[in-house]
Amino acid sequence: MKKFAIISTIVLGFAATSCDSYLDINQDPNSPAEGNMTTDILLPGAEMNLAGSYGDFLRITGGYYAQHFAQTFGTSNYLDYSQFTMSATRSSSTYTQLNSRALKNLETIRSMAKNKEEWGTYLAATSLRAFIYQALVDCYGEIPYSEAFTSGINSPKYDQGKDIYAGVLKELDEALEKAQASYRVATNFLFPGKTAESWIQFANSVKLKILMREYDAVDVAASVKALVDADNFLTADAAYAGCWKNEAGSMSPFYAEEFSSAWGSTQENVVANVAIINTMLQKDNEGAVVFSDPRLPAFFEKNGSGAYTGAISGTNFSTSDSYKATYWCRPVASYDMPVYLITVSEVEFFIAEYYARQNDNTNAKAHYEAAIAASCATAGVGGAATVVAAFPYDQANWKKSIGMSKWIALTGTNNFEAWCEVRRLDYPTFGTVKGSDMYNLKDDSSYKPELLNKVAEGQMLYTPIQVDNKIGENTLLNRWNYPESSSARNGNAPAFPGNSVKIFWDK
């Protein structure tokens, strides 16, 4: 993967709106002397380490595992992800970036803010810390938490995911109790110039996501009800936006990794998957279009022939001219594309799910439709009513309704969360069609994407043409191998349970 370079030394204060001064993800950005450290210096650097990983590696891997993405012709950079594989080595640098840089700096910020009673900043750092820990649990299941960053402990124990969730929820509650809406927050990129009011909404939204993800594994109904009744969630998407520049080292991470030639590479890897294309652009048996999702052009470019085509997981296709790079659709991307942490659409889907679980059809349907409208608004398109008509809410099958629509909505904003939600809600699900049915590696004329035509049943996932033999057929990669950068040097690292073992919340 490409690497971001050092652009300049840290700029004291917040004189510029660009993220470039903080975007070195290869070394600790905190170059000033320790005695000169302030939360205003540290917080932007911690944020950029989060954005660099979450907006790039986790977006790419999540896209392949959720079957939003597939591998293009002639390259193999991410072919292993397309085959539902993750090695202990592949995620190590990302784990190190999130753990040793983002989390470590956030813990320092929390300590400094607590000592100075800067409770707005304390809440901001705590919220981001909870966000990162949840993402790591959702990847690995178990990671160091309670003994992480503890002086004198070089081999911190791996805590159970359920305990980590409980720990960060407790931290969020403590921070929320101390913060008031009018409090100042240190220099940051997520809500620049805003008071703690925005961070309170963000913290509540993070808390809602954590609680809903573990809803089937832990008794959290009362906690969710209290949050929903209070109704103090994000009213605008929480994203790193408006801070990227069209310069090497300053671009939005996914664009810099996969689309920019600033580092001398013109290789293309990520293309649209047939699963999402056939869901957003549905055709009848005669090939006539019966539904075209208005968000499709906001999520994917047309191919070289002006059409939307999706590739198949598990292969990068043959060496034939038939399926060169211009045949496939690439994701829409730009140097200033946002790195979304939580969108209003996600919040609305979680609220809809809460009401669905209470068998409250009226509120569930209202929030479900609000989630789709919010997704269209984020994509910058109209036509939400068309989408709702194509995917109407069904209380009797609420998991399918919410699971399918959330999977679609997350395509253009947060592919990692899509992988998590597909595992949790079990929609979309696998059908009888396999990747090998749609394309034969020995016969270029065998490409038959029309076989994947089970949108109504929610059966839009399929076994990749070539799949990790530890995963098998009709199942997703459920967890990542423990990162080598942690487990290889940690005597307390447990034995890896296997890629097919589910995360604690996946009941």
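**Cavities and buried residues in a predicted model**

Reader: What volume does the largest cavity have?
Author: A cavity is a set of points on a 1 Å grid, laid over the protein atoms alone, where a 1.4 Å probe fits but cannot get out. Grid points are joined across faces, edges and corners, and the volume is the space filled by probe spheres set on them. For the largest cavity, this volume is about 60 Å³.

Reader: What kind of model is this, and how are its residues numbered?
Author: Local features need pLDDT of at least 70 and side-chain atom pairs count only at pLDDT 80 or more, while totals for chains, interfaces and linings use all residues, since the model is predicted. Side-chain values use heavy atoms, with hydrogens and water left out, and residues are numbered along each chain, as its sequence is written, from 1.

Reader: Which element gives the largest share of the lining of the largest cavity?
Author: Lining residues, which have an atom within 4 Å of a cavity point, include Ser-345, Glu-346, Phe-349 and Lys-406 here. Two or more of them come from each of α11 (344-357), α12 (361-379) and α14 (398-409), where a helix is a DSSP run of H or I with at least four residues, numbered from the N terminus. The largest share, 3 residues, belongs to α11.

Reader: Is Arg-424 buried or exposed?
Author: Arg-424 is found in helix α15, residues 415-425, and leaving aside neighbours within four places in sequence, its contacts (heavy atoms within 4.5 Å) include Glu-353, Lys-406 and Asp-506. Buried means under 20% relative accessible area with a 1.4 Å probe and protein chains only, whereas exposed means over 50%. Because its relative accessibility is 2%, Arg-424 counts as buried.

Reader: How many residues of α15 are buried?
Author: Those buried residues, among them Trp-419 and Arg-424, pack against several elements, including α1 (39-65), α11 and α14. Just after the helix, Asp-426 takes a positive phi of about 65°. Helix α15 is mostly covered, and its buried residues number 11 of 11.

Reader: With which side chain does the side chain of Tyr-78 make a polar contact?
Author: Tyr-78 is placed in the loop between β1 and α2, and it counts as buried because its relative accessibility is 1%. A polar contact is a pair of N or O atoms within 3.5 Å, in which, within protein, one must be able to donate a hydrogen and the other to accept it, and residues adjacent in sequence count only if both atoms are side-chain atoms. At 3.3 Å, the partner of Tyr-78 is the side chain of Glu-257.

Conventions
1 Å grid on protein atoms, 1.4 Å probe; cavity = no way out; pocket = protein on both sides within 12 Å on 5 of 7 lines; lining within 4 Å. Contact = heavy atoms within 4.5 Å.
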